[in-house]
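Try each task before you read its solution.

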Amino acid sequence: MENDETAPYGPFNCLIVPVGQTIEVHSAFRKARGVWLHGDGVSGPLEDTGLSATATKSMSIIWQDGIGVVTTPVIHNNGTEQAYFTVKGNAAGNAVVGLMQEGKIIWSWHIWVVNANDQPGDINGWLDRNLGALQDKINSANSTSMGLLYQWGRKDPFVASNRYNSEQNTIGAKNVYDASGTRIADSQTTESGSPYQSVAGIDNNLKNAIMNPFIYYGGIGITTNPAVSVGYHPVADWYCENAYYVQHKGRFEGQSHNLWNGKAQGKMPFDPCPKGYRVPRMQDWGVDDSLDENLITPLAGINNGHQISNYGVTNPAYGGNYHKSGWRYLNGQYFANPGVVGYYWSSTNGHHNRNDFNFHSRIIRHTGYNPVTEPFDVIQSYGRAHGMSVKCVADDKD
């Protein structure tokens, strides 16, 4: 299989590989150099790290959620403008591989290895499963249907919980392994699946996030001033220490709103979805993105014609299954509510006194609502440091 993309930023960040097949990833260095030269498209170039097409590169497996999911990628035509790498999928699962120069990661890709008879499909212009899921069955307690979790605006995934749980509490993450098949010990807690670092004192953490895709960066958020807090959840971002609400502009500043939200520019270089797909906007679900945050409202997309199960909700008009995969908290330390709630990011930026939307599918439990007869969905703002699911929509979706 070849992945020779001609997009300005090179190959997409998520590459689907059937078990037993090898993919060629061309223009990999162009991808890295393009982003380092242009940054997020708003704040300007990232710090110069001396990226050179002729410098010798190397590849590494940063993590994989099973033993032997992929082989260590191999660079061909190393040290030339024509350099590319190959990677083989050995077993169904997920991995993140990194392109390195002088021992530092300059870009990374999510390798999504799936069985040949259970490839991700399309349902009405939506990917039929969560990003990173190995199956699309919603009536299964198998945690491989959860997929992966993402911090808003980051391209690199994190593992989800290791199981569903019918109670509203916290449980641990799936195991992750290095290239040799050795379980990677978490430096902070065995429950979270990857190490955590605070963004205290950092105004722009984008470079660190690129070079450290395995680190879950946590935002602090402004919680002492009610004028710049968002409901119950603090305004917390992995990108910067604080986000400030500027009243006369009616929006937050200090963050980058451009990482996933391409609008007229098309798919952005940090979008985590595979070829042909992108992170959906709120209007892709038929939702007016000018609605206030924390508004409990029947969403036109999900509540009409749904079917409920113990593990999620199904609506064929909007891509089929939505799973109750829970979330990873903004401090990175635990997973909450898998099997109770499902949280889905949109790419839509927030308005007024909120920093972003997320698509929040509460199916089982919420105070004052009957979990069987009155399932509902909530538009809420969450700090972008939270880890939530992504359901990809087709690039050309109106």
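**Exercise 1. Find the partner of Cys273 in a disulfide, and say where the two residues lie.**

Start with the criterion: a disulfide is a pair of cysteine sulfur atoms within 2.5 Å. Cys273 and Cys392 meet it, with sulfur atoms 2.2 Å apart. Now turn to the S-S bond, where an angle of -90° makes the link left-handed. Finally, check accessibility, where buried means under 20% relative accessible area with a 1.4 Å probe and protein chains only. Cys273 is buried at 0%, and Cys392 is buried at 0%.

A word on the source: this is a predicted model, in which local features need pLDDT of at least 70 and side-chain atom pairs count only at pLDDT 80 or more, while totals for chains, interfaces and linings use all residues. Residues are numbered from 1 along each chain as its sequence is written, and side-chain values use heavy atoms, leaving out hydrogens and water.

**Exercise 2. Describe the aromatic pair of Phe158 and Tyr216.**

First, the criterion: rings of Phe, Tyr and Trp (its six-membered ring) pair if their centres lie within 6.5 Å; planes under 30 degrees apart are stacked, over 60 edge-to-face, and the rest tilted. For Phe158 and Tyr216, the centres are 5.0 Å apart and the planes make 70°, giving an edge-to-face pair. Phe158 belongs to strand β12 (residues 158-159) and Tyr216 to strand β15 (residues 216-218), so the pair ties together parts 58 residues apart in sequence. Both Phe158 and Tyr216 are buried.

**Exercise 3. Which ring does the charged end of Arg154 sit over?**

Apply the test: NZ of Lys or CZ of Arg must be within 6 Å of the ring centre and within 35 degrees of the ring normal. Arg154 passes for the ring of Trp238, at 5.6 Å from its centre. Then look at Trp238 itself: with Tyr239 it forms an edge-to-face pair, 5.7 Å centre to centre and 80° between the planes. Trp238 is buried at 0% relative accessibility, and Tyr239 is buried at 4%. To finish, repeat the test for Arg384, which lies over the face of Trp152, 4.0 Å from the ring centre.

Conventions
Buried means under 20% relative accessible area, exposed over 50%, partly exposed in between (1.4 Å probe, protein chains only). Helices (H or I, at least four residues) and strands (E, at least two) are DSSP runs, numbered from the N terminus.
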